[in-house]
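Have the sequence and the 3D view open as you read.

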Amino acid sequence: MRASAFLSAALALGVPALPVSATSAAADEQMLTPAPVPAATRQAELLRLVRQDCGSCHGLQMEGGLGLPLTPRALADKPPAALVQTVLHGRRGTAMPPWSPFLSENEAGWVVEILLKGLPDAR
Ligand code: HEC
């Protein structure tokens, strides 16, 4: 009788501190969660903007024109965060205009991601 009472007390004490480690794992995961992807209808609008507006300077196939080429190969070595800043704020002293009046940071990030992968019809 006494022995089994001792055993169950020991088991109770031996329960690992699961809740603590589970909570910090969840917090880590949340920090790594990528920014939300724009809704499908907004993605279609953004793709149209890239082809028409960006394409007017960067070329319909993003191979360059007045603006630099924005093909996956041309952008491969450039830090994506810097590209997002260029899209949002433009480049002073060049023809590259700021797009922050039209694009959220999130949307600019999505556009850069698409350019890095290659436009759906311009791979
Ligand atoms: C009026 C012309 C024009 C339009 C429209 C334009 N750009 Fe540009 N863009 C440029 C020029 C010119 C440069 C090169 C600036 C420089 O010399 O550093 C540039 C540079 C860039 C760069 C940096 C490329 C690199 O290799 O560092 C990115 C990214 C970019 N543009 C994205 C866009 C996107 C996305 C759009 C549409 C939302 C857009 N641009 C629309 C003219 C334009």
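Helices (H or I, at least four residues) and strands (E, at least two) are DSSP runs, numbered from the N terminus. This is a predicted model, in which local features need pLDDT of at least 70 and side-chain atom pairs count only at pLDDT 80 or more, while totals for chains, interfaces and linings use all residues. Residues are numbered from 1 along each chain as its sequence is written, and side-chain values use heavy atoms, with hydrogens and water left out.

Around the ligand there are 20 residues, the closest being Cys54, Cys57, His58, Lys78 and Met96 (a residue is near if one of its heavy atoms lies within 4 Å). Helix H3 (40-58) and helix H5 (80-89) each supply at least two residues of this shell, and H3 gives the most, with five.

| Residue | Ligand atom | Distance |
|---|---|---|
| His58 | nitrogen | 2.7 Å |
| Lys78 | oxygen | 2.6 Å |
| Arg91 | oxygen | 2.6 Å |

Which residues coordinate the iron atom of the ligand? They are His58, through NE2, and Met96, through SD, at 2.0 to 2.2 Å (donors are N, O and S atoms within 2.8 Å of the metal, or 3.2 Å for Na, K and Ca; water is not among the atoms, so sites may look incomplete). This pair links distant parts of the chain: His58 belongs to helix H3, whereas Met96 lies in the loop between H5 and helix H6 (105-117), 38 residues apart.

Terms used
Polar contact = N/O pair within 3.5 Å; in protein donor to acceptor, adjacent residues only side chain to side chain.
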